[in-house]
Amino acid sequence: MKKVIENSIERKAFFKLIFLSAFSIFLPKSLTAKNSSPEESPVQDENYNAYDHKWGMCIDIDKCIGCGRCANACKEENDVPREPFFFRTWVERYKIFGKGEVVIDSPNGGVDGFHNEHSERNPERSFFVPKLCNHCENPPCTQVCPVGATFKSVDGVILVDKDYCIGCSYCIQACPYGARYLHPVTKTAEKCTFCYHRLVNDKSPACVEVCPTQARIFGEMEKKSSPLVRFRRMEKIGVLKPALNTEPKVLYAHLDMEVK
Amino acid sequence: MLKKLKSIPEQVIRLAVILVIIVVVFVIVRAELVPDDFGELGHYRKGAVDEIASLELKYAGQETCEMCHDDILETKSNGYHRSVNCEVCHGPSAKHSEAPDEFLPSAPRKRDFCPVCHEYLPSRPTGFPQIVSASHNPVKPCITCHEPHNPVPPETPHECSACHAEISRVKSISHHAYLECKTCHEVPEQHKLDPRGNAASKPATREFCGKCHAEENEDYPGVPQIDLAEHEPRYVCWQCHYPHMPEAK
């Protein structure tokens, strides 16, 4: 009986040891973590403090003429491969016929513009919908990254660390908006960055810069006065796939219910 | 204490030593492999943000163009293309802004460029100026008649369809094909020059449509006619019928 009790104490000590050593797995983080202040901007530009911004975009579907200059400018600005299946932004044409029939096309993402198709049928409604990464507040893509290569930066932009990406494509699968692609040469995931390199230089994203009808409104989500905040106040706004609770920061004005 | 240690079986001590070695190796290897700035702001490398932020710019931006080309800016700022930034047509010009003589931006002169925006497409919003390039002065480059920085039409268009392409196409295959626009709309003289400042009128009453479609009117045989007093008196006609394509049966 005595022996049994002694044994059980030893077992206790053994488990203690195991638990202590298990906790040591978490040591490295506290050992290596720097004591930098969290308010320090991650961008080494003295004119840009990432903590002062929260970027978003609004797209006015009633203004889009489907010229596809945005998709073209995006490819120019970000060296996106010219093949017709790599896009950071693209334009879709919706044609809605009666009885729930919806035809969506996007020849080369709209980079070459759209052309008339010779069809006898007249759609009930028809319009263009530019699409891009929605820069979700709750991004499904960053959650699945096994190596921490894609992340939400402090100013709300979802970015990809191309040196860290292992090209597993999980994020491409996870994105409900189809906004990512695997770069054919580097084999890393790529996506819209809101032209982050332009933002830090106080310039608007390339697609916003070239939109001839100002269908894309870009700006601060949370400042009291910004073109975006004013637009949100004046127009009826929707987001894509609201049921997913991704909370997109790309908003759409005059969005048709057929747009998926 | 020592006695207690001694009472631990040897195999347990060996296991413990191996465990300690594994943990130490793990800590060292991890510290070597994981960059210093990983995890500072979240589960990512802080330096990546700066790398992305320092990519090369290709589009200079409208403000940069305006710094030198104030003459064109003046022409453009009063015209219909005032909201069209320079690089929409001239392409990415950041290099040009740094070395103006070495890199010249492109200037599209061919006829196939302007229709990217201005070719008639049913999906485009109404009111946006559109043409059918096959019938609109074929072969001639657009810039022979239109100055791209201030593209006023060389002469005021005679036809309403020049701007109201969608409506004119729909109407052309409807029962109202032979009605002129001014049968129903009063168009001020200035409308063609300043369309939004001088909007065309629209009919306001049931009686207006009744001029042709009321039963008591016998001047128009073959025209579908209804009893104005009996036929859905709560509504005005265009709440159910689209006048440019009246879908009555």
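**Two chains, asked and answered**

Colleague: Asn137(B) sits in the loop between α8 and α9 (165-172) of chain B. Is Asn137(B) buried or exposed?

Modeller: This is a predicted model, so the answer comes from computed neighbours. Asn137(B) has 12 C-beta neighbours inside 10 Å, so it counts as exposed.

Colleague: What is the phi of Asn137(B)?

Modeller: Most residues other than glycine have a negative phi. Asn137(B) is not a glycine, yet its phi is positive. The value is near 40°.

Colleague: Cys195(A) also has a positive phi. Is Cys195(A) buried or exposed?

Modeller: Cys195(A) lies in the loop between β8 (189-190) and α6 of chain A. Its phi is about 50°, although it is not a glycine. A residue is buried if 20 or more other C-beta atoms lie within 10 Å of its own. Cys195(A) has 28 such atoms within 10 Å, so it is buried.

Colleague: Which residues of helix α3 (residues 46-53) of chain B are buried, and on how wide an arc do they lie?

Modeller: The buried residues are Lys46(B), Ala48(B), Val49(B), Ile52(B) and Ala53(B). They sit on the same side of α3(B), because the arc they cover around the axis is only 160°.

Colleague: Which element gives the largest share of the side of chain B that touches chain A?

Modeller: The contact takes 44 residues from chain B and 51 residues from chain A. On the chain B side, α2 (10-33), α3, α6 (86-90) and α8 (115-118) each supply at least two residues. The largest share is 7 residues, and it comes from α2(B).

Colleague: What is the radius of gyration of chain B?

Modeller: Chain B has 11 helices and 0 strands. Its C-alpha atoms fill a box of roughly 120 × 65 × 30 Å along the principal axes. A compact globule of 249 residues would have a radius of gyration near 18 Å. Chain B has 36 Å.

Colleague: Over which residues of chain A does pLDDT stay under 50?

Modeller: Chain A averages a pLDDT of 88, and 89% of the residues score at least 70. The stretch under 50 has 7 contacts beyond four places in sequence in the model. That stretch is residues 32-36.

Notes:
Residues are numbered from 1 along each chain as its sequence is written. Chains are lettered from A and ligands numbered from 1 in the order in which they are written. This is a predicted model: local features need pLDDT of at least 70, side-chain atom pairs count only at pLDDT 80 or more; totals for chains, interfaces and linings use all residues. Helices (H or I, at least four residues) and strands (E, at least two) are DSSP runs, numbered from the N terminus. The arc is that of the directions from the helix axis to the C-beta atoms. Two residues are in contact if their C-beta atoms, placed from the backbone, lie within 7 Å. pLDDT is the predictor's confidence in each residue, from 0 to 100. The radius of gyration is taken over C-alpha atoms; the globule rule is 2.2 Å times the number of residues to the power 0.38.
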